[in-house]
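Subject: Structure for your review

Dear colleague,

Please find below the structure that I am passing on to you. My notes on what was found in it follow directly after.

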Amino acid sequence: MPFTIGIKDIIDIVLVALMLYYIYRVMRESRSLNVFIGIMVFVLIWLFVSQVLEMRLMGSIFDKLVSVGVIGLIVLFQEEIRRFLYSLGAHRRFRFFTGLLPSARKEEEEDKETIMPIVMACMNMSRGKVGALIVIERGESLDDIIDTGDKIDATINQRLIENIFFKNSPLHDGAMIISKKRIKAAGCILPVSHDLDIPKELGLRHRAAMGISQNSDAIAIVVSEETGRIAVANRGEFRLRLSAEELEGILAKEIG
């Protein structure tokens, strides 16, 4: 029987290649590249033994190891898998469908009311070189982060934000969490990112902002205490040296 390759086979190969490439990127970012290489070597040996040499006993043993190994990999790389599923669900092409719902459009309009007090507070703190870290909750709950700080549950107010981050305030070192158009807590502890790609001149606030943006769909705003510059961490990426207009545009675009 002649060996032929159809369109379906080509699509299958391309999809597998893309999947392996994405897994390679995730492993490299999490500094687990050697684990990825080890998995690929194991898979190649398994396919060679079971498909080429057709060793039934060894093939059966490898099949059992693969079944158990999949569960082990899920446990070992649960954070990376969670990040992948979140990035898939947060993709703009999929979020478009939720935006078609009337309730989603209404919530997006209401969320814009929270933007200006935050922007004005950040600009004032920027001029005074007052360090600040503001996290805005979106679809994914931040209740576990809120529990690490002091609960406030107040309406969003420019003066309140500035007072919380005033240098002599006991809450100025932690993060402020904004959820459902209210300031829920301050002085909260965030997961710190250990990503080696973060510029060395960025401090702990920036690493904490990157950490929460990598582990949730929240947006983190940072005001640097050293330079007064404003940055935003969103989906594991930084936007640095933002003006008031740029900050307002990002929040208007992303909140909702």
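Strand E1 (residues 132-136) pairs with strand E5 in the antiparallel sense, over five bridges. Two strands count as paired if DSSP finds at least two bridges between them, and helices (H or I, at least four residues) and strands (E, at least two) are DSSP runs, numbered from the N terminus. Within this pairing, Ile136 stands opposite Ile219 of E5.

Please note that this is a predicted model, in which local features need pLDDT of at least 70 and side-chain atom pairs count only at pLDDT 80 or more, while totals for chains, interfaces and linings use all residues. Residues are numbered from 1 along each chain as its sequence is written, and side-chain values use heavy atoms, with hydrogens and water left out.

E5 is also joined to strand E6 (residues 230-234) by five bridges, and these two strands run antiparallel. Ala220 has Ala233 as its bridge partner in E6. E5 and E6 form a hairpin with six residues between them, and Gly228 in the turn has a positive phi of about 80°.

How many residues of strand E5 are buried? Five of the five (residues 219-223) are, so the strand is largely enclosed by the rest of the structure. Here, buried means under 20% relative accessible area, exposed over 50%, and partly exposed in between (1.4 Å probe, protein chains only). Ile219, Ile221 and Val223 point one way from E5, while Ala220 and Val222 point the other way.

Turning to the helices, Gln214 is found in H10 (residues 204-215). Gln214 counts as buried because its relative accessibility is 15%. Its side chain makes a polar contact with the side chain of Ser193, at 3.1 Å. Such a contact is a pair of N or O atoms within 3.5 Å; within protein, one must be able to donate a hydrogen and the other to accept it, and residues adjacent in sequence count only if both atoms are side-chain atoms.

Helix H7 (residues 115-127) has 13 residues, which at 1.5 Å a residue should span 18 Å; its end C-alpha atoms are 19 Å apart, which agrees. The expected span is 1.5 Å times one less than the number of residues. Among the buried residues of H7 are Ile115, Pro117 and Cys122. Lys129, which follows H7, has a positive phi, near 50°.

Finally, Leu57 lies in helix H3. Leu57 is exposed, with a relative accessible area of 65%.

Yours sincerely
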